[in-house]
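Reader: I would like to go through this model piece by piece. Please show it first, and then I will ask.

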Amino acid sequence: MNEKTQTRLILQNREIILVGTAHVSRESIDEVQGIIRDEKPDMVCVELDSGRLASMTQQDSWEKLDLVKVFKEGKGFLLMANLVLSSFQRRLGQNMGVKPGDEMKAAIDTAAELGIPYSLCDREVQLTLKRAWSSCGFWSKNKLLATLLSSAFTTEKISEHEIEALKDKNELDNMMTELSDYLPEVKKTLIDERDQYLAAKIWASQGTRIVAVIGAGHMGGVSAHLGKIVRGEASVDTSELEQLPPPSLFSKLAPWIIPALIIALIVAGFFKSGGSVSISMLIQWMLWNGSLAALGTILALGHPLSVLTAFLGAPVATLNPFIGVGLFAGIVEATLRRPRVQDIEHLAEDVTSLRGLYRNRVSRALLVFFLSSLGGAIGNFISIPFLTNLVIK
């Protein structure tokens, strides 16, 4: 047994073989297939959810994408995060000649070939991303976005040796330590919670001999949680991990702080210097807010009407926290430049390069959504000190 990538556990007369993989590794594919054939377990568990399995196996999974619906449901940032993460893994996999998750698909195919049932044991990826986002404070959200964007467009090449090294415990320990120091909230959601979730689902699976195929980064955590379950120190109930945590009081109030502050400053200007000054303040704020939202749309190479929508919609969106300027601009862009079949088919490939990102109508509409929102937010932050100075001088 390869001690670096496999752990054999005997727990309450059940044998669980944990197989740690790198998600873009040819060696992991061969190893997974070999272990299942040699061990012939009662059950094969894989670190996948139904959504990710569908995207890997169904050719038309992207063709069902309704971009306008995505924007209306407030899932624009979520879709962007999904695309960024998949593009990063896809670029790594291109160097190895494999696709992200091919080792999980190989486990399922091998199990099916041998007549062995399989179980999807990972938490639904959309829920994981939502929990990660909701767990972050303001600065952590910005650090997370910066990390995602930098990983999406990095030109650094990673060798096959470096990919395989990701399965080594020392390499993983260093990575986990860095993630814990940089974004502890995200590490808790993406790693620690999923260790607990995977362990619970693996233990709840049928069979006395189980092969569980999981990312190498989860090996230690899953093994530890399985031990806790057997000792009665942890539960197999995952319901708490399948819900969004209740928002804090600050997160409920935060969307109202900026509009309340802007309105308060304009009202203060009226009482101090009269209506003409407050009207001037209102116009200047609208120009800052709208112009930078429009600039963001221009940087995304948005349609001229999308630019105009961003300019006019930004002040409205600021004063109504339930909507965002990205919603307006993104819907207009997706409507005027409707994604073509080729855009949908090549989306996963196009987002791996800056040129493809702008060429593809789906990713460009997402850029319009993101950059118009970012521009409007920057406009607000710039205008608040400016308006404050007008009131106090």
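Reader: How many disulfides does the structure hold?
Author: This is a predicted model, in which local features need pLDDT of at least 70 and side-chain atom pairs count only at pLDDT 80 or more, while totals for chains, interfaces and linings use all residues. Residues are numbered from 1 along each chain as its sequence is written, and side-chain values use heavy atoms, with hydrogens and water left out. A disulfide here is a pair of cysteine sulfur atoms within 2.5 Å. By that cut-off, the number of disulfides in the structure is zero.

Reader: Is cysteine 45 buried or exposed?
Author: Buried means under 20% relative accessible area, exposed over 50%, and partly exposed in between, with a 1.4 Å probe and protein chains only. Cysteine 121 has 1% relative accessibility and counts as buried. Cysteine 45 is at 1% relative accessibility, so cysteine 45 counts as buried.

Reader: What does the secondary structure of the protein chain come to?
Author: Helices (H or I, at least four residues) and strands (E, at least two) are DSSP runs, numbered from the N terminus. Of the 393 residues in the chain, 45% are buried. The secondary structure comes to 19 helices and five strands.

Reader: How many residues of strand E2 are buried?
Author: In a regular strand the side chains alternate between the two faces of the sheet. In E2, one side has Arg14, Ile16, Leu18 and Gly20, the other Glu15, Ile17, Val19 and Thr21, and all are buried. E2 (residues 14–21) is therefore largely enclosed by the rest of the structure, with a buried count of eight of the eight.

Reader: Which strand is joined to E2 by six bridges?
Author: Two strands pair if DSSP finds at least two bridges between them. The partner runs antiparallel to E2. The two form a hairpin with two residues between them, and glutamine 12 in the turn has a positive phi of about 50°. The strand is E1 (residues 6–11).

Reader: Which residue is the bridge partner of threonine 21 in E5?
Author: E5 (residues 209–215) runs parallel to E2. Seven bridges join these strands. The partner of threonine 21 is glycine 215.

Reader: Where does helix H12 bend?
Author: H12 (residues 249–273) has 25 residues and reaches 35 Å from its first C-alpha to its last. That is close to the expected 36 Å, where the expected span is 1.5 Å times one less than the number of residues. Proline 259 follows within four residues of the bend, which is at tryptophan 256.

Reader: What covers the buried residues of H12?
Author: The residues in question are Pro259, Ile262, Leu265, Ile266 and Gly269. Their cover includes H13, H14 and helix H19 (361–392).

Reader: Where does glycine 302 lie, and which residues is it in contact with?
Author: Glycine 302 lies in the loop between helix H13 (275–299) and helix H14 (304–319). At 13% relative accessibility, glycine 302 counts as buried. Contact means heavy atoms within 4.5 Å. Leaving aside neighbours within four places in sequence, the contacts of glycine 302 are Thr297, Val307, Glu333, Arg337 and Val368.

Reader: What is the relative accessible area of threonine 297?
Author: Threonine 297 is found in helix H13. Not counting residues up to four places away in sequence, threonine 297 touches Gly302, Ser306, Val307, Ala310, Ala329, Val368 and Ser372. Threonine 297 is buried, and its relative accessible area is 0%.

Reader: How far apart in space are serine 291 and serine 372?
Author: Serine 291 is found in helix H13 and is partly exposed, with a relative accessible area of 33%. In sequence, serine 291 and serine 372 are 81 residues apart. In space, C-alpha to C-alpha, the distance is 9.7 Å.

Notes: The bend at a residue is the angle between axes fitted to the seven residues ending there and the seven starting there.
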